[in-house]
Amino acid sequence: MALIDFKVLPGIDKQTTGSGAENRWTDCDNTRFRYGLPEKVGGWSSLVSDTISSVARRQFAFVDLQGNRYVAIGTDKFLLIYFEGQLYDITPVKSTLSSVVMSAADATKEVSLTFSSAHNLQSGDIILLDGVTVPSSIGLTDAAFEDKLFQVTRVTSSLIAIVTGTQTTTGAAGGGACSVIPYETIGPAAQSYGYGWGVSEWDGIVSNALQNTLNGTLGDNTSGTSGSNIALTSATGFPAAGRIQIGTELISYTGVSTNNLTGITRAVDGSTRAAHSSGATVTNAADFVDWGEASSASEVSLEPGLWSLSNFGQVLVATIANGKTFTWNAGNAARLTTRASTSTSGFSTSANPTATRTTLVSPTTRHLIHLGTETVIGDTSTQDDMFIRFSDQEDINDYTPTAINTAGSQRLQDGTKIMGALKAKESILVWTDNALYTMKFIGAPFTFGFEQVGTNCGLIGKNAAVEIDGAAFWMSPNGFFMFDGTVKSLPCSVEDYVYDQADTTKGQQVYAGLNNQFTEVVWYYPSTSSAYNDQYVVLNYGEKMEGGIWYIGTEARTSWIDATVYPKPFATKFNASASGSFPEVIGEDGLGQTTLFEHEVGTDQVNADGSTTTVTSFIKSYDFDIQSEGTSGDVFLAMRRFIPDFKTLTGNAKVTLAVKRYPQQSDTTTSLSPFTINTNTDKKDTRARGRFVNIKIENTDVSESWRFGTLKIDIQPDGRR
């Protein structure tokens, strides 16, 4: 039989079946389309030998007046600077807590720090120790603690516990002293859904819940440590009546007598009774949320730790989501040993709002804009998720409107909260959870004008939108959109696939990136089976085809910046089961590990330790058949051979043929598959027979790369059964 060309249109189609997606590719990973042809994506290489302790949520690249390049990286625990091959910790800190007493017990790694007044620290917080004098004769030195970072592991009203790297060697000891410098609290590593059962502490994470320890044993029965009382090490701060949580059991009580909770009832609110040993953590559960009870945003932390990062000239402006705004001056001679602060010389933010969802600096007028912020500056209880406040022009610390300045405010109406904002070509785009607004400078007396340009098109997360050449692309909770003067819904050939598996309750973890070299917008998102981003979807806006060219993959990232300040894109990859090396946190638990990669480099993944991991890729075609006399799939086909045609090929590629008798059957790989293809391959004999056949092209080894052209195949009818 004569050879025919096997040509497939660019993009992935998952909106129909494998046999219904005629002339389309149906699946891929680590594959992109360029000039209509599929190819393996470029590799990536770690930029530093360190890995980051915690999950990166935001990157921002900028330069100082001397031309030095920086990338600010905001994580759920830290604010870091990448500067020419090295990471620096510039995380803002809270006020120092002095006169802290250190104590330790025999043969343990836990050290207790006791405060003379309320410390307001939470389990998981990062602290820096200073002025350390360790308890005598416990086998540990001052240097094991001095200027070291620790993670808070246990909290009571007047005490916190940390874990050391070395076990104590003698009996119980006290008498040590230190100062504690708490890092600013940023937020949880992952977004959690705060309604109903099963999220962290019963129904949600209660901010600053009071904790103490059990002074006595509780059996698996209806009694307390003594009769109907439960003894605590200290009951200071516990309500006169309420409930507590020990392990997963909730226990109610009706009174407090010295350090005893009286009138207890075990296993309340559907929890399960269990035995608890003396010393177990006891948490005040008065504000925990029950099944069917509405959660209060002031009590339950739903969103992950996020940052807004922008620049005021050479000054980095960094805002913790729903928190304070800090600055860091790249022009400071000691910049790499100086922390971001609200009191940076010449760029103070001490008069800024203290609770803001997101910030940005207006690109032409240089106003610092707070979105979703306080109606009364400094009073976090007045935070209004739809309220916008902007500073005086060129003064990022003046928010009081007067007749001679341009400070002001505005409240949006459509939606329940502002989700994000972007600088666009001639305006600022502001998304709520339901609508899109433009914010344009119009001068006195209002400074900025606001216009609603779209509804039912809200943003799924603050980092889920990008802008390129005046056009914005974003992901909403129920579809993809663009704005180029008019809001448009984007037809997407993988939409059902994405939204069927995406965990839209973790929308604040979605990260949109732009790879302008390949005209790609990519959205990284978490699936329902993952706590962190593990999937991606790409729109190739430069390849023109009706419905757009979309493709998918699994090599997910938690943040991304395009090649602007640096010549290649930077991205961060998170591994929840590993530990980072910078900043070093002694005794850390559960922070995870983030690697900072430079993308479009080589063919594989070069890790922080210099080792190489193969970047595998594949693309799979639709199930094609023989069209004969107006029928489809009626006649078996026989494929005798094919002649490969690759535009470029480095190393080997593999071609696999899979056949099936009926569309709903699973693929059956043909006996000679896979076929290994290299630059010397002329043809391959196949012996493939079935009603339907699909073709898969892939690479599985290091230093391999490919760009597919077409296949010339020898195919003919071969009977009806």
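**Reading the labels on this predicted model**

Reader: Where is the place of proline 674?

Author: Proline 674 sits in the loop between β56 (668–669) and β57 (675–677). Residue numbers start from 1 along each chain as its sequence is written. This is a predicted model, where local features need pLDDT of at least 70 and side-chain atom pairs count only at pLDDT 80 or more, while totals for chains, interfaces and linings use all residues, and side-chain values use heavy atoms, without hydrogens and water.

Reader: What kind of peptide bond joins serine 673 and proline 674?

Author: A cis one, with omega about -5°. Phenylalanine 582 and proline 583 are joined by a cis bond too, omega near -15°, and proline 583 lies in the loop between β46 (570–575) and β47 (585–586). Most peptide bonds are trans, and most residues other than glycine have a negative phi.

Reader: Why is asparagine 30 called buried, and what makes glutamate 394 partly exposed?

Author: Buried means under 20% relative accessible area, exposed means over 50%, and partly exposed is in between (1.4 Å probe, protein chains only). Asparagine 30 has 5%, so it counts as buried. Glutamate 394 has 45%, so the label is partly exposed.

Reader: How many aromatic pairs does the structure hold?

Author: The structure holds 30 of them.

Reader: Why is the pair of tyrosine 82 and phenylalanine 570 called edge-to-face?

Author: Rings of Phe, Tyr and Trp (its six-membered ring) pair when their centres lie within 6.5 Å; planes under 30 degrees apart are stacked, over 60 edge-to-face, and the rest tilted. For tyrosine 82 and phenylalanine 570 the centres are 5.8 Å apart and the planes stand at 85°, so the pair is edge-to-face. This pair links distant parts of the chain: tyrosine 82 is in β10 (residues 79–82), phenylalanine 570 is in β46, and they are 488 residues apart. Tyrosine 82 and phenylalanine 570 are both buried.

Reader: What makes tryptophan 431 and tryptophan 474 an edge-to-face pair?

Author: Their ring centres are 5.2 Å apart with planes at 65°, so edge-to-face it is. Tryptophan 431 is in β34 (residues 428–432) and tryptophan 474 in β38 (residues 471–476), 43 residues apart. Both tryptophan 431 and tryptophan 474 are buried.

Reader: How do you know that arginine 366 lies over the face of phenylalanine 312?

Author: The rule wants NZ of Lys or CZ of Arg within 6 Å of the ring centre and within 35 degrees of the ring normal. Arginine 366 is at 4.0 Å from the ring centre of phenylalanine 312. The charged end of arginine 557 sits over the ring of tryptophan 44 as well, 4.8 Å from its centre.

Reader: What makes a polar contact with the side chain of serine 308?

Author: The side chain of threonine 358 does, at 2.8 Å. A polar contact is a pair of N or O atoms within 3.5 Å; within protein, one must be able to donate a hydrogen and the other to accept it, and residues adjacent in sequence count only if both atoms are side-chain atoms. The side chain of threonine 358 has a polar contact with the side chain of lysine 462 too, at 3.5 Å. Threonine 358 lies in β29 (residues 358–361), and its relative accessible area of 6% makes it buried.

Methods
Helices (H or I, at least four residues) and strands (E, at least two) are DSSP runs, numbered from the N terminus.
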